[in-house]
Amino acid sequence: MAQQTTIAWTDSTFNGWIGCTAISPGCDNCYAAAMMDTRLHRAKWGPGEPRVRTSKANWEQMRRWERNYARFEQEHGRARRVFCFSQADVFDNESPIGWFVDFMELCRTTPHLIKQLLTKRIGNVVRRLQEALEHVAEQLVATTQLGAEKALQTDWQALRDWLIAWLAGRAPSHIWIGATVVNQVEADRDIPKLLRVPAALIFLSLEPLLASVDVSRWLRPRTTGRDDGREGVQAPEWSQATRVVDWVIVGGESGRKARPMDPLAVAGLRRQCEEARTPMFFKQWGGRTADAGGCLLDGIELKQWPLASI
Ligand code: SF4
């Protein structure tokens, strides 16, 4: 967790736990895994490897930001954005459900902070929320039996109501959910799932961008046809016909083994975003270090933000 971060599209980062399993070509040079191998040695990556929960003090930091939200908003004219889980995947189903529930409670009780939840497991979102709800229901019964003093630590009733409302379509306005895709195969597979996710704001991260990707069909409203997230989608609960990706982040890879990003692929995404009037945030070209290639696109810094309020 960091008060300040070098990730340009957020203000602060928070990790409730550390550790993950690579599941995409975008994970090949995972910087968090590399950091554990070379310096931090706090968690091992891979299936079956236990995730490591971060300290109580680390979790408390988010509450401090919440207590000080008014000062931040006065200084910046907007709410603090917190990128949650830069060293793990929040919807990783190998992490204990109890930790995820604790994180949900932290989110519920810090409504003045925008949580940016970015995942490579977008298909897990609803299932994880449902599992959290089941876990909370069990805890509610258990703590009722234990007595009021223990029950006070988490407001299980309030958390249950909050999760029920979320799953029923009343998503919290301070939680943004994004999917990372790095090539066309992942875009075709995951963006339709992103459109169905219950979230007040949905975004797409193409970082590291490994190939040209056409996302244009998901940046514009669709009106009729099949329910596959492509042209002409039929609108189920959270994939309304008018639903589009609200924000696009593009970035190149950084690190010792960074794979170069094709400028034509970047130009293509910029054109698609401009045509659809979708805000695009160009993070960096990448290279050996995060700022090796700079972040200028045709001589300007393209750092656009979605229209959002909480
Ligand atoms: S999902 Fe993210 S944290 Fe997990 S291995 Fe891939 S890049 Fe690393």
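## Ligand shell and helix packing in a predicted model

By class, the shell around the ligand comprises seven nonpolar, no polar and two charged residues; Ala, Val, Leu, Ile, Met, Phe, Trp, Tyr, Cys and Pro count as nonpolar, Asp, Glu, Lys and Arg as charged, and the others, Gly among them, as polar. Surrounding the ligand are Cys20, Ala22, Cys27, Cys30, Ala32, Ala33, Ala88, Asp89 and Lys120, a residue being near a molecule if its C-beta atom, placed from the backbone, lies within 6 Å of it.

This is a predicted model, in which local features need pLDDT of at least 70, side-chain atom pairs count only at pLDDT 80 or more, and totals for chains, interfaces and linings use all residues. Residues are numbered from 1 along each chain as its sequence is written.

Helix 4 (residues 97–108) and helix 7 pack at about 85°, with axes 10 Å apart. Helix 4 is therefore roughly perpendicular to helix 7 (angles of 65 to 115 degrees). Helices are DSSP runs (H or I, at least four residues), numbered from the N terminus; axes are lines fitted to C-alpha atoms over the stretch in contact, and angles run from 0 to 180 degrees between N-to-C directions. Contact means C-beta atoms, placed from the backbone, within 7 Å.

| Helix 4 | Met104, Glu105, Arg108 |
| Helix 7 | Leu159, Trp162, Leu163 |

The residues of this contact divide into four nonpolar, no polar and two charged.

Gln153 lies in the loop between helix 6 (148–151) and helix 7 (156–167). Gln153 counts as exposed because it has 9 C-beta neighbours inside 10 Å (exposed: 12 or fewer other C-beta atoms within 10 Å of its own, placed from the backbone).

Conventions:
Helix = DSSP H or I, 4+ residues; strand = E, 2+ residues; numbered from the N terminus. Buried ≥ 20, exposed ≤ 12 C-beta atoms within 10 Å, placed from the backbone. Parallel < 35°, antiparallel > 145°, perpendicular 65-115°, else oblique. Contact = placed C-beta atoms within 7 Å.
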